[in-house]
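Here is a friendly briefing to read alongside the structure.

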Number of protein chains: 4
Amino acid sequence: MILVLKKSATEKEAQHIVHMAQIWGFKVNLSRGVERTVIGLIGDERELRDKPLDMLPGVETVLAVLKPYKLAAVEGCPEGTHIILPPVKKGGKKVVIGGPELCIMAGPCAIESRKMLLDLARLVKQSGAHILRAGAFKPRTSPYSFQGMGNEGLRLLAEAREKVGIHVITEVMDVRDLDVVAAVADVLQVGARNMQNFTLLKAIGKLRKPVMIKRGLANTIEELLMSAEYVMSEGNHEVLLCERGIRTFEPMTRNTLDLAAVPVLKRETHLPVIVDPSHGTGHWDLVVPMARAGVAAGADGIMVEIHPKPEEAMSDGSQALLPKTYLRMMDELGRVARVLGRKV
Amino acid sequence: MILVLKKSATEKEAQHIVHMAQIWGFKVNLSRGVERTVIGLIGDERELRDKPLDMLPGVETVLAVLKPYKLAAVEGCPEGTHIILPPVKKGGKKVVIGGPELCIMAGPCAIESRKMLLDLARLVKQSGAHILRAGAFKPRTSPYSFQGMGNEGLRLLAEAREKVGIHVITEVMDVRDLDVVAAVADVLQVGARNMQNFTLLKAIGKLRKPVMIKRGLANTIEELLMSAEYVMSEGNHEVLLCERGIRTFEPMTRNTLDLAAVPVLKRETHLPVIVDPSHGTGHWDLVVPMARAGVAAGADGIMVEIHPKPEEAMSDGSQALLPKTYLRMMDELGRVARVLGRKV
Amino acid sequence: MILVLKKSATEKEAQHIVHMAQIWGFKVNLSRGVERTVIGLIGDERELRDKPLDMLPGVETVLAVLKPYKLAAVEGCPEGTHIILPPVKKGGKKVVIGGPELCIMAGPCAIESRKMLLDLARLVKQSGAHILRAGAFKPRTSPYSFQGMGNEGLRLLAEAREKVGIHVITEVMDVRDLDVVAAVADVLQVGARNMQNFTLLKAIGKLRKPVMIKRGLANTIEELLMSAEYVMSEGNHEVLLCERGIRTFEPMTRNTLDLAAVPVLKRETHLPVIVDPSHGTGHWDLVVPMARAGVAAGADGIMVEIHPKPEEAMSDGSQALLPKTYLRMMDELGRVARVLGRKV
Amino acid sequence: MILVLKKSATEKEAQHIVHMAQIWGFKVNLSRGVERTVIGLIGDERELRDKPLDMLPGVETVLAVLKPYKLAAVEGCPEGTHIILPPVKKGGKKVVIGGPELCIMAGPCAIESRKMLLDLARLVKQSGAHILRAGAFKPRTSPYSFQGMGNEGLRLLAEAREKVGIHVITEVMDVRDLDVVAAVADVLQVGARNMQNFTLLKAIGKLRKPVMIKRGLANTIEELLMSAEYVMSEGNHEVLLCERGIRTFEPMTRNTLDLAAVPVLKRETHLPVIVDPSHGTGHWDLVVPMARAGVAAGADGIMVEIHPKPEEAMSDGSQALLPKTYLRMMDELGRVARVLGRKV
């Protein structure tokens, strides 16, 4: 940790800081510059993160040397984490997320009925995608909106998983539902609004079940990594990160899909990175170009929403792809992936 | 709901929309303009909110006529809601939030020790403030940071409440802790990161206990009102709203305190509005000016953090006021309040 | 234009609005809904844009039916505008921007010396790129930073253009420099900070010279189109639009490259769309992935900065590509383009 | 300047950096920490600002020690700059901006007619305000909107100034208009969209005429100070800074008025700080509360728009105060000012 002193800082103030640092068990490097004195504290910086060092008399600015994440940092696994989902049933295929093959997750926003879910599950499976996405519990801005089918939806999801033989991802919103959701899902999803629901993150950290954390609308990339760190620090290292758009002033899209987060994350962490262009844009006609762009930017996977009749969808119909558009997208993603030496 | 059709929309598309509207039980007002045809759907617009009307063939834009909040809307109680906290003990004073007297909430960010809490509780009480704030459960970006004293902190808070005779507000983060927190707190606090934790909001809605909802960092004023609506739609109408800063590109402050939210909320809702300049700015030297500004903007109350030794605080020390600065602030707030015909 | 009246609006207020509308020459469609009365004004909405209709007694909200841009709107040229740069010299090749071949613009951020410019111009030409970019006038946040070589830089740019036989784009910051810049440049560049320098836009509109307008850091896509409209309404229809990142709360990148703006613009306008991943990210290691993503999103061209020795660059060295990285990028862009049926 | 090296940085890379630093004329402080080596460069940091030090092999992060502004920094004039406008005519009163008396600037958004301007000038003068604001040149998002009366407007402004005996402020958008505007205006205004029009700033720096620079919608406080630095570095030290709202995701207000910028600026600079709640909110009913809040936050002055018939205003009518509302505001501002030991 580096403390820049005020121009007006006194010798006594500097000595007090040196003294405090030693009490905390840190060595000190004091350097007098032309306009400012700078004090470096040498030791495990993370122990100082919570101290309000800027409140020490004479301090102007505090500069951190290290990144605050440790387990999620790329150094821990420079070759990249591979998350493996064992086959749904004997003789089935496992899914490897983070390897050369991209992971495609597709399905309806919400589970609306048995028939619709089974039909889409088959479509997704046949298209070559890897994971069926479908929400049983839906976080909705309005209490008057459809809140998902809940446990009944979960039951249908388990049936689709079994019948069609496809892995599933679904959101868990309430820590009290964690066990029932984990009993069905191959991958748990933490939604954007829960990215900093630390209660939920800690509880998931105690499971041994892959989890995909979606970036919150107002959260930095560093904070996303810190949320992964919450899960990992409890022992669960199978974390996927999902870029799904941040909130900005631009009204023409639902969110602003921050695709540069993909190469930034690939540089900073060993965890796989997924892009969700459905929530990231909010309009079906933007989903395909942004899915292609996500793959071109280096994502390890893409998550999209599909619906047989978007105009009748019970949530987020505007961003759902028709099956035929989805199939065209799958073809294009495969071809973009090849440019990067990957495949779908 | 108003649908603007594309320039290229056909007569058949227009008729299909009219037909659908009638199926949904809406009357239709069709108006052919110079460049666009506009279809108004007459009926209870809220039933159409979830329908992806922009997916109907021929539709260019969908314009909503009504605000999505109902119970929180100002029309429901134009004179403003008064939230009354009964006396802590017999013979004590009740607190009225939303009336001519401002409500000041002050105390440490986190409960750190019994002595510190009792000392500050007495200071807060003597200064004329109304509610002691102090966190037992702390939402922290890093899993390695102090997470609060938890249940032991709650116990200390109950003791301070009793001993000093002051009302208390404290945050609940986990729906499983709701009962124990509600047993101590006079006002529950839902933190910014949980503003859209709908699980928690619904559970609080089932209680009969005042709750203060803090605006999330990326949340609009409308979304804050919708979170209040979640609580109210479950039957709990005692909701306070708190502006505590939104996230913007400006790095010199921790958040950007959106004080214009105060007069906007006073126009839109009957619920009391509190301003938190501590989290809103993140720096103690900005807290007093922004507390004054909050009162001048028309807030019904102010929440601030204080600490006897900010440089030793276990969380958020940089934004804590020294007791003497706090007392000066109390004096100034009283004088600004008088300009608006209010008092502290 | 549609006016939603307040619930409390009186019959007299409604009649006053109808009366005013008629004075302005508009027909009126009045529709009484369950909770609100809605008045549609039928006529050329653009004449009403500047009127503060929300100030009319009884009005709650004003909803616009039409987009504010006209000449830039896609309807004007659904097949897309092709901008043609005639050959630099006899026998040379023309450049077509907006056609199936992508347009690549590359070169140094600033012109620093004759040798460096000529060397890079040759590299850019040989790599198959179409336009040399290089700044003579540099907008810098600090008055103490290198401000560009000015007119001497322009002279060198003219020499490079002539000697190497490559088209050039360069920024004009000052309306007084417009003639000298236009004498050299094949395409004028309006920088992000000048996107709403209406003086400059109007002056450029009077020329017959292509111009590329960069999106401002805080500007919406609609405002970018309105800036194009400024140029076009003066008679100059050869406008390129450039997405180069907007300002958000994310500190890990210099700006947030809003790639979804590409398909949005392709839907809204017939003008060609260029992506600048150098300014859009600010870090050289993010430039190549985001250039690929830009092409995959459907951009008509890419603009990047290169430098032979980035660590010695006089401005923006951190985002400059080394020549060898640039050449690898060119190869990758060609391959992504093919997926979309285009080429470099 | 402080360079944090990568964990993987080699001894050779460290020595290369030390070597380069010495070539640049800097002393070096090299400190080996537990996880990182840190190199401090001792000398005039401002000379290194433009160097892409993060491109040096082995460097992970570059941390600046000093603020980039010098002339605008508070140390240059800790007691605060007073800007004095000499009397409009002999026997008239001078205006002091930055002293204990607040400076109120009021008037129409745009000059619309002679009568309207003279009437408002008299009202403003009689109300005790100090400066008449009125635009002759108007920056408008749309080329089809009213662009101001231009030189004819300037002529009317000169007449109002003379006849009524009141100081005037008006915007200059085009560097070619600078002389004619400066011939009329007591204070020049640089609008938000021109905050980084460096051409204009430099030209104004060469005058000896006060200028008020409005913060751009996407500009940080530091960038606002750097724009002041542009003017000051050319010799013109009479600069006022104006907070008028930044662009965020919140749609209920036109901009987000960042009032915390007021105490931040008062801490960082000696220049006077003005708040414009008209542009800062965009709605007349929010202007008075936010004007009060601006004074309470410590602003040196307030700028507001007024109009005799807002519903007929040719620009920005929605944010204009009626004269009677304005007069009530003046009374309230005076009373808030007294709490801070100031007056209107």
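Across the interface of chain B and chain C, 1 residue pair is in polar contact, with both residues at pLDDT 80 or more; a polar contact is a pair of N or O atoms within 3.5 Å, where within protein one must be able to donate a hydrogen and the other to accept it, and residues adjacent in sequence count only if both atoms are side-chain atoms. Keep in mind that this is a predicted model, in which local features need pLDDT of at least 70 and side-chain atom pairs count only at pLDDT 80 or more, while totals for chains, interfaces and linings use all residues. Residues are numbered from 1 along each chain as its sequence is written, chains are lettered from A and ligands numbered from 1 in the order in which they are written, and side-chain values use heavy atoms, with hydrogens and water left out.

**Where chain B touches chain C**

- Four strands of chain B, namely β1 (2–5), β2 (27–32), β3 (37–42) and β4 (59–63), each supply at least two residues of the side that touches chain C. Helices (H or I, at least four residues) and strands (E, at least two) are DSSP runs, numbered from the N terminus.
- The largest share of this side comes from β2(B), with 4 residues.
- Sorted by class, the side of chain B that touches chain C has 11 nonpolar, 5 polar and 7 charged residues. Here Ala, Val, Leu, Ile, Met, Phe, Trp, Tyr, Cys and Pro count as nonpolar, Asp, Glu, Lys and Arg as charged, and the others, Gly among them, as polar.
- Chain B brings 23 residues to the contact and chain C brings 23 residues, where contact means heavy atoms within 4.5 Å.
- Between them, chain B and chain C bury about 1,900 Å², 65% of it on carbon and sulfur atoms. Buried area is the accessible area (1.4 Å probe) that two parts lose on being put together, summed over both.
- How many salt bridges are there between chain B and chain C? The count is 0; a salt bridge is a side-chain nitrogen of Lys or Arg within 4 Å of a carboxyl oxygen of Asp or Glu.

**Where chain B touches chain A**

- This contact takes 47 residues from chain B and 47 residues from chain A.
- About 3,900 Å² is buried between chain B and chain A, 55% of it on carbon and sulfur atoms.
- On the chain B side, Asp50(B), Met55(B) and Tyr144(B) lose the most area to chain A, together 16% of what that side buries.
- Chain B and chain A have 4 salt bridges between them. Arg140(A) forms a salt bridge with Asp50(B), and the closest N and O atoms are 3.3 Å apart.
- The count of residue pairs in polar contact between chain B and chain A is 24, with both residues at pLDDT 80 or more.
- Two helices of chain B, α5 (198–205) and α6 (221–233), each supply at least two residues of the side that touches chain A.
- Of the elements on that side, α6(B) gives the most, with 5 residues.
- The side of chain B that touches chain A divides into 21 nonpolar, 14 polar and 12 charged residues.

**The nonpolar core**

- In soluble globular proteins, nonpolar side chains tend to be buried together.
- The largest nonpolar core here has 345 residues, and those with the most contacts inside it are Tyr326(A), Tyr326(B), Tyr326(C) and Tyr326(D). A nonpolar core is a set of buried Ala, Val, Leu, Ile, Met, Phe, Trp, Tyr and Cys residues joined through side-chain atoms within 4.5 Å.
- Leaving aside neighbours within four places in sequence, Tyr326(C) is in contact with several residues, including Ala106(C), Leu123(C), Val304(C) and Leu321(C).

**Chain A as a whole**

- Chain A has 10 helices and 14 strands.
- Its C-alpha atoms fill a box of roughly 75 × 45 × 40 Å, taken along the principal axes.
- Of the 344 residues of chain A, 67% count as buried; buried means under 20% relative accessible area, exposed over 50%, and partly exposed in between (1.4 Å probe, protein chains only).

**Residues to look up**

- Val28(A) sits in strand β2 (residues 27–32) of chain A and is partly exposed, with a relative accessible area of 27%.
- Asp316(C) has a positive phi of about 55 degrees although it is not a glycine. Asp316(C) lies in the loop between β14 (301–305) and α10 (323–339) of chain C.
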